[in-house]
Amino acid sequence: MVTPAIRRQIVGFVQKALGLSERRACRIVAVSRASHRYRPRREEPAALVAEMRRLAAERPRFGYRGLHRMLRRRGVAVNHKRVYRLYRVLGLSLRTKRRRRYAASPRIEIVRPVRPGQRWSMDFVSDHLTSGRRFRILTTIDDYSRRSPGILVAFSITAERVTRFLDEVAATDGLPEMIVVDHGPEFISNALDQWAAQRGVRLHFIRPGKPVDNAFIESFNGRLRDECLNAHWFREIDDAEAEVTDWWEDYNTERPHSALGGLPPMEYESAQLRTLPLA
């Protein structure tokens with residue numbers, strides 16, 4: 001969008017570079033002399049500008065519509081078009097990152113699990129300590145019972161560490177027939193591929209850029225972040241491990257799950273196992 005200020009700059013540049021009069025420069029740029037000479041007399045209220053800057057600093061992910069709603073809630077009678085204009089003039093607009101486009105690939109439907117232990121999902125979550133150092137969390141979930149078989153917190157989790165973690169979990173929970181993962185480097189590694197082949201576990205990779213294909217673990221990770229990671233500050237990795245482990249145990253044994261009729265995952269899984277026919 002070419003604003004009047006930019007048009008004035010263009011006319012001035014043409015005048016200076018070519019040594020033309022204002023009339024000829026305006027004619028070349030296709031701008032009327034009246035528009036070129038016009039100067040707005042209205043000054044924006046300093047209080048409104050200050051409030052918009054303050055709200056934008058408090059809520060950096062809000063667009064102009066969100067800022068307009070917040071202003072109205074605070075009793076500021078202002079038109080949304082005026083908010084948008086100031087939003088652009090003050091440079092408050094967000095920089096959006098374009099999503100990478102992937103080649104289209106056919107979606108392969110996987111069979112819905114009908115019993116606990118049939119299919120797991122696995123993914124990573126990251127957070128940071130108060131010092132700024134980042135750590136990672138490897139999460140797992142049973143897609144049928146929504147129980148999380150295990151969770152791992154560490155600064156670095158390599159593909160080899162993923163396989164050792166799965167073996168540790170298998171010692172008490174066994175292994176599923178299938179594990180659903182994304183295309184992270186740890187999951188597409190030779191180490192995990194060989195581990196799965198040796199233990200008879202199938203790895204199902206979701207479509208690139210489609211986390212909705214791994215909805216169960218994404219939902220679990222969302223609860224983990226909202227109820228645990230966002231609610232605490234971690235000074236040391238041991239603090240993070242303790243808080244995450246406490247939340248994980250509460251999730252499995254105490255926290256009611258809406259998709260399980262209000263039962264915690266552990267209780268729901270036990271009830272389902274009792275109803276399964278003996279092999």
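**Contacts, rings and strands**

Q: Leaving aside neighbours within four places in sequence, what is Asn214 in contact with?
A: Asn214 is in contact with Ser121, Met122, Val180, Val181 and Ile206, leaving aside its neighbours within four places in sequence. Contact means heavy atoms within 4.5 Å.

Q: What kind of model is this, and which atoms and residues count?
A: This is a predicted model, in which local features need pLDDT of at least 70 and side-chain atom pairs count only at pLDDT 80 or more, while totals for chains, interfaces and linings use all residues. Residues are numbered from 1 along each chain as its sequence is written, and side-chain values use heavy atoms, with hydrogens and water left out.

Q: Why is Asn214 called buried?
A: Its relative accessible area is 2%. Buried means under 20%, exposed means over 50%, and partly exposed is in between (1.4 Å probe, protein chains only). At 2%, Asn214 is therefore buried.

Q: Where is Asn214, and how far from Asp143?
A: Asn214 is in the loop between S5 and helix H9 (215-227). From Asp143, Asn214 is 71 residues away in sequence and 9.6 Å away in space, C-alpha to C-alpha.

Q: How many helices and strands are there, and what makes a stretch count as one?
A: There are 11 helices and five strands.

Q: What makes the arrangement of strands a sheet, and which strands are at its edges?
A: The five strands form an open sheet in the order S3-S2-S1-S4-S5, with mixed pairing. From one strand to the next, the twist averages 20 degrees. Here axes are lines fitted to C-alpha atoms (for helices over the stretch in contact), and angles run from 0 to 180 degrees between N-to-C directions.

Q: How do you know that S1 pairs with S2 and with S4?
A: Two strands pair if DSSP finds at least two bridges between them. Nine bridges join S1 to S2, which run antiparallel. Three bridges join S1 to strand S4 (residues 178-181), and these run parallel. Both counts reach the cut-off, so both are pairs.

Q: Which residues stand opposite each other across these strands?
A: Ser121 stands opposite Val180 in S4. Ser126 stands opposite Arg136 in S2. Arg136 also stands opposite Ala154 in S3.

Q: What is between S1 and S2 in their hairpin?
A: Five residues. Gly132 in the turn has a positive phi of about 100 degrees.

Q: Why is S1 called mostly covered?
A: Eight of the 10 residues of strand S1 (residues 119-128) are buried.

Q: What makes Tyr144 and Tyr268 a tilted pair?
A: The structure holds eight aromatic pairs. In this one the centres are 6.2 Å apart and the planes are at 35 degrees. Rings of Phe, Tyr and Trp (its six-membered ring) pair if their centres lie within 6.5 Å; planes under 30 degrees apart count as stacked, over 60 as edge-to-face and the rest as tilted. Since 35 degrees belongs to the rest, the pair is tilted.

Q: Which parts of the chain does this pair link?
A: Tyr144 is in the loop between strand S2 (134-142) and strand S3 (151-154), and Tyr268 is in helix H11 (residues 265-275), 124 residues apart. Tyr144 is buried at 16% relative accessible area. Tyr268 is buried too, at 17%.

Q: Why is the pair of Trp247 and Tyr251 called stacked?
A: The centres are 5.4 Å apart and the planes at 25 degrees, so the pair is stacked. The two residues are four apart in helix H10 (residues 237-253), about one helical turn. Trp247 is buried at 9%, and Tyr251 at 1%.

Q: What makes Arg133 count as a charge over a ring?
A: Arg133 lies over the face of Phe155, 3.5 Å from the ring centre. The rule asks for NZ of Lys or CZ of Arg within 6 Å of the ring centre and within 35 degrees of the ring normal. Arg136 lies over the face of Phe124, at 4.0 Å from the ring centre.

Q: Which residues of helix H5 are buried, and what do they pack against?
A: In H5 (residues 64-73), Tyr64, Gly66, Leu67, His68, Met70 and Leu71 are buried. The buried residues of H5 pack against helix H4 (46-58) and helix H6 (80-89). Ring pairs also link Tyr64, Tyr84 and Tyr87 into a cluster.
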